Amino acid sequence: MISPTTTVDPITLGVSVAYLGATNRDARADLLFAEGESAWVVFGSTSGAALDVSSLGSRGYALTGEAGASLTAIGLGDLDGDGFADFA
């Protein structure tokens, strides 16, 4: 379960979601969530534990766009052949 924080609108978190494949080479599919100026790459896991996007730690990372940006999640596969899934 992905939990929004007080700075993320729980209604729109997950409106833009992309399947990325294994971006960190652990053979588990990762997801990209985007909302407004922020996006989060969440690494796949077998634990099933709830996850707060404000404190991903080793379970993923956050990306921040320019002020006023509207980010959209797009998974592209491995475009450059380096073994990592790419995204835009």
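Two strands pair if DSSP finds at least two bridges between them. Strands are DSSP runs of E with at least two residues, numbered from the N terminus. The model is predicted: local features need pLDDT of at least 70, side-chain atom pairs count only at pLDDT 80 or more, and totals for chains, interfaces and linings use all residues. Residues are numbered from 1 along each chain as its sequence is written, and side-chain values use heavy atoms, with hydrogens and water left out.

**Exercise 1. Strand pairing**

Task: Find how many bridges join strand 4 to strand 6, and state the strand order of the open sheet.

Solution: 
- Start with strand 4, residues 38–42. Five bridges join this strand to strand 6, and the two run antiparallel.
- Pick one position. Ala 39 has Leu 63 of strand 6 opposite.
- Four strands form an open sheet in the order 2-3-4-6, with antiparallel pairing.
- Strand 2 (16–21) and strand 6 (60–64) each pair on one side only.
- Strands of a sheet pair through backbone hydrogen bonds, parallel or antiparallel.

**Exercise 2. The nonpolar cores**

Task: List the residues of the largest nonpolar core. Then say which elements give two or more residues to this core.

Solution: 
- A nonpolar core is a set of buried Ala, Val, Leu, Ile, Met, Phe, Trp, Tyr and Cys residues joined through side-chain atoms within 4.5 Å. Buried means under 20% relative accessible area, exposed over 50%, partly exposed in between (1.4 Å probe, protein chains only).
- List the eight residues: Ala 18, Leu 20, Leu 32, Ala 34, Ala 39, Val 41, Phe 43 and Ala 73.
- Name the elements: strand 2, strand 3 (30–35) and strand 4 each give two or more.
- In soluble globular proteins, nonpolar side chains tend to be buried together.

**Exercise 3. Ala 22**

Task: Locate Ala 22. Is Ala 22 buried, partly exposed or exposed?

Solution: 
- Find the place. Ala 22 sits in the loop between strand 2 and strand 3.
- Read the accessibility. Ala 22 counts as partly exposed because its relative accessibility is 23%.
- Check the contacts (heavy atoms within 4.5 Å). Leaving out residues up to four places away in sequence, Ala 22 touches several residues, including Arg 28, Asp 30, Gly 83 and Phe 84.
- Compare sequence with space. Ala 22 and Gly 83 are 61 residues apart in sequence, with their C-alpha atoms 8.7 Å apart.
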